[in-house]
Amino acid sequence: MYPEDYRYSTEHEWAKRENGRVRVGITRFAADRLTDVVYVELPQVGSEVRFMQPFGVVESVKAASELYAPVSGRVVEVNERLRDHPELVNEDPHGEGWMIVVEATDPSELDRLMDAQAYRQHIGEA
Amino acid sequence: MRYIPTTPEEREYMLRLIGVRSVEDLFADVPDSVRLRRPLRLRPALSDPEVLRYLGALANRNAHADRLTCFVGAGAYDHFVPPAVWQLVGRGEFLTAYTPYQAEIMQGELQATYEYQTMVCELLGMEVANASMYDGASALGEAAVMARDLTKRDRVVVSRAVHPEYRQVLRTYTEPLGIRVVELPHEAGTTPPGPRELNGRTAAVVVQHPNFFGCLEDVRGWAEAAHGAGALLVVACSDPLAFGLLEPPGALGADIIAAEGQPLGNPLNFGGPYLGIIATRQEFVRRMPGRLVGATVDRHGRRGFVLTLQTREQHIRREKATSNICTNEALNALAAAVYLSLLGPQGVRQVAELCLRKADYLKSRVAELPGFQLPFRAPTFHEFVVRTPRPAEALVRALIREGFLAGLPLGRFYRGMRDCLLVAVTETRTREEMDRFVEALERACRRGRQAVGGRVL
Amino acid sequence: MRDFPLIFEQSVSGRRGFGLPDPDVPARPLEELVPQQALRRRPPALPEVSELDVVRHYTRLSHRNFSIDEGFYPLGSCTMKYNPKLHEEVARLPGFARLHPYTPEELAQGALQLLWELGEELRELAGMDAVTFQPAAGAHGELVGLLVIRAYFASRGEKRTRVIVPDSAHGTNPATAAMVGYEVVTVRSDARGNLDLVALEEHLDERTAAVMLTNPNTLGLFEEQVDRIAERVHAAGAQMYLDGANFNAMVGITRPGDQGFDVMHMNLHKTFSTPHGGGGPGAGVVAVKSHLEPFLPVPVVVREGDRYRLDFDRPQSVGRVRAFYGNFANLVRAYAYLRTVGAEGLRAVAEHAVLHANYLRVRLAPYYEIPYDRICKHEFVASGVRQKRRDGVTTRDIAKRLLDYGFHAPTVYFPLIVEEAIMIEPTETESLQTLDAFVDAMVAIDRECQEDPEKVRTAPHTTAVGRLDEVRAARSPDLRWKPA
Ligand SMILES: Cc1ncc(COP(=O)(O)O)c(C=O)c1O
């Protein structure tokens, strides 16, 4: 359920290393808890994000949650499909439902996040 | 108390069931130190007929628009309200409901609001309108904050030909947020567009159209100037009926419109409740304050309506909400929807044209009076400024004795305009009333001139 | 089944529903009056319908609405009490409804006297020294209250940056604090449902401008330590703000001014029975202690001898939060209410509001979890957790099922600190028989949750439309009808 090669934040974001860059999304646990995602507000390509600072918002009908960057750096890609298909976050949170790709300034920040097993424990699914 | 149905026996029964001996026990958690140990000192209670008589007497002491022929506007207009409007809106089903939280039993309110949003968009030439704000002035305050959020800039430039009370509200809403408000002078009644005062920190330019003096502004020119500086154009408006005839701000490049909807079927009410309208472009909808109704389907596939995009609102987003507004002016919005349904496209055009023509008639007649002048040459809609031979305050007082509410003396808001009167004419004024008004003005000034020699005004 | 038609879908080109006069002034060409390019090019796509079409359409829509006039409306925190018809009649007297706001003061003495007298009554009720009528609703009153507090500190050269709100607070409280530029600090409630005094003290310091409390709070419980809270808050140099949404439980029993509050708003559409209008208009009056009076918005109604006047000359005022003076028609209704009810009546209002709420609480306790099960004030918060865990039925489902029984649902999922919250406020104007019928429905639904949960999960079944797809509405917003 939670890919072993991803890193996980306490705020339920995942981070996946892709040769120097980091792809970011929210976990299945977070997506399920939000219920049907209706809107995702994402930064523009080129903007800067900071480690564990908000970079966007994900919304369901009755709730809005901030998204926290699991790594600092510049946004180089944004998942434009989410604009018309926010349901991808529910359907495939760890894949098609990704949110941004970051050119990390300090990839070692990822070491401060949890691995899959620690995350499963964190959410009580271990 | 006549609105409490509970009898003494029922009261005893309930207390017993709750397991307390007296009502006093139900307040045991209120510390003694804060209890009120004496009866409230209020005026004595009255019977129903007495209430009607007492408040009726207070009402009678007011010179309302059926007593004095009304030529004052300035943000509140004496348009004709078809009786059907409030006979429908006043139905208990609308009047005594609340915010449509339970959509399945509130389709009436929700659908009417959706229709209202559509009508407002049509009238103003805009893409989205919300379910209502408190009034035009507070809608403008919120529009400025919205512009700041959208542009991430902190400076608002506002024309001095925007209603002075709206400008005051704008300042109250923006000042605590560190938004700087800069005022643009008007020149001969309008605000000529230009890059003056616009810079890289300007979030919005605010003009009113038609403006406070009744003059038409160059909205398109302002849209270009604002957009050229990366700012938004916010257009305020105190009578949307103008756009039955005039090209609406949405079609002229406005980004946000903040308007007063009182003229759309709502009574004068000594200033409220009125109807705040806010409308904007689709792309800005998520920064919009207030409730929005959207269409959807039910579980059987039938069309239905719900409150939507609620994550903008205080009950979900709390301190990050786009506004704190909760209770709005839904009933006044409903009145606007009924009113606009009755008028239709031809009706709004006809009302607007009547206002324009009648105002023009009065304006020309007044301009011919000795000592009266039109200080501004710009085209006007249903309101205009006239320079009077006597201080406008005194003139207004003199005209009251003749049965007229002559207009708003502008000295109240603008230094150097003590001899200026703002006069409004709606479709409800007749030629005969206007002719009598002109005669009365003339008389008052003749008398005034005589008086100047002796006792001052 | 066909969709219920929109007014636009009934439009027939050329049909009209108005009777306007012909122009009685010379018909000059329009272009001489306004430049051609200022004229509208495309008429608005408003419906073209007859007056009868309009009357039928909106009458039919009214049949698709639930209201106090139709049935029990136990919407917690909203005080959905009966709105007397007498007050409607009074508010519509031409002397009020047809009065222009710029009528010279000497010709609006009746209106100003009414405001003055209403203000006197409300000051006495609140135990406060001065009022403003400007706010159009409770949240607008919160805005005024915090602006006044901010101006007060500014006048003393103090810069305070934070506002403390309990975790049980209504969303308007933190939203308002943010609008006034304050940082919001949230403080938890204690196990009894009161504000946690220890937690409060941890956060109180020289940065605190105000503590916003609701009393009785949103759990329907009286803040038992309100006097001690006020002491601590004042000791820290901060101001006490009361969200007076729940004033109905207190009128004539205890006064906010005596509890230590410096400023409060009242929702006249709650305690003072002005109708809610399908979401508004309301009216919020803000009352303050004398040290805050100089900062109230302009204008303020003053009396001089037997004359009444609007005072604009208040150099320390926070300014205006709206045009003109307030939601006057609702102020008229509220005053009519006060005069009908009187001092004894008001006390009876509070007593019966509280009696009725406790009656419902005790009757429902065997069936629904009541997390803070003690004497409540005018409302209480139950929870659907039992039904959720046991039957897989949520509070939302229960609320929807109540609609089938002919009741409006209580407020649900608020306050946020109670899981599956069901917030019930019966008000003083409901009869024992109505309360019993509501209990019967709630009990029947609890049984259904166990015996036929699917029926509850798919409710409502008897309403004009079934449960609506809110996800679809939010994912692809359709906010207006578009001409084909
Ligand atoms: C506790 C509480 N505070 C504040 C408000 C806001 O009041 P209003 O809706 O009149 O703006 C409400 C009501 O909705 C409320 O219940």
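**Exercise 1. Identify the partner of Glu183(B) in a salt bridge and state how far apart the closest N and O atoms are.**

*Solution.* Step 1: a salt bridge is a side-chain nitrogen of Lys or Arg within 4 Å of a carboxyl oxygen of Asp or Glu. Step 2: the partner of Glu183(B) is Arg171(B), with the closest N and O atoms 3.6 Å apart. Step 3: Glu183(B) belongs to strand S4 (residues 180-184) of chain B and Arg171(B) to helix H7 (residues 164-174) of chain B, so the pair ties together parts that are twelve residues apart in sequence. Helices (H or I, at least four residues) and strands (E, at least two) are DSSP runs, numbered from the N terminus. Step 4: over all chains, the count by this rule comes to 85 salt bridges.

The following conventions apply throughout. The model is predicted, with local features needing pLDDT of at least 70 and side-chain atom pairs counting only at pLDDT 80 or more, whereas totals for chains, interfaces and linings use all residues. Residues are numbered from 1 along each chain as its sequence is written, chains are lettered from A and ligands numbered from 1 in the order in which they are written, and side-chain values use heavy atoms, with hydrogens and water left out.

**Exercise 2. Determine which chains the ligand lies between, and describe its surroundings.**

*Solution.* Step 1: the ligand is placed between chains B and C. Step 2: there are 15 residues around the ligand, and those that come nearest are Thr327(B), Ser77(C), Ala139(C), Asp243(C) and Lys270(C); a residue counts as near if one of its heavy atoms lies within 4 Å. Step 3: helix H6 (residues 138-155) of chain C gives the largest share of this shell, three residues. Step 4: by class, the shell holds five nonpolar, seven polar and three charged residues. Here Ala, Val, Leu, Ile, Met, Phe, Trp, Tyr, Cys and Pro count as nonpolar, Asp, Glu, Lys and Arg as charged, and the others, Gly among them, as polar.

**Exercise 3. State which ligand atoms lie 2.4 Å from Ser77(C) and 2.5 Å from Asp243(C).**

*Solution.* Step 1: for Ser77(C), a polar side-chain atom is 2.4 Å from an oxygen atom of the ligand. Step 2: for Asp243(C), a polar side-chain atom is 2.5 Å from a nitrogen atom of the ligand. Step 3: an N or O atom in the side chain of Asn267(C) is 3.0 Å from an oxygen atom of the ligand. Step 4: on its own the ligand has 390 Å² of accessible area, of which the protein covers 99% (Shrake-Rupley method with a 1.4 Å probe).

**Exercise 4. Describe the contact between chain C and chain A, including its one salt bridge.**

*Solution.* Step 1: five residues from chain C and eight residues from chain A take part. Step 2: the two chains bury about 550 Å² between them, 58% of it on carbon and sulfur atoms. Step 3: of the area that chain C buries against chain A, Glu470(C), Val471(C) and Arg475(C) supply 78%, more than any other three residues. Step 4: the salt bridge joins Glu470(C) and Lys62(A), with the closest N and O atoms 3.3 Å apart. Step 5: helix H16 (residues 470-475) of chain C provides four residues, the largest share of the side of chain C that touches chain A.

Note on methods:
A polar contact is a pair of N or O atoms within 3.5 Å; within protein, one must be able to donate a hydrogen and the other to accept it, and residues adjacent in sequence count only if both atoms are side-chain atoms. Contact means heavy atoms within 4.5 Å. Buried area is the accessible area (1.4 Å probe) that two parts lose on being put together, summed over both.
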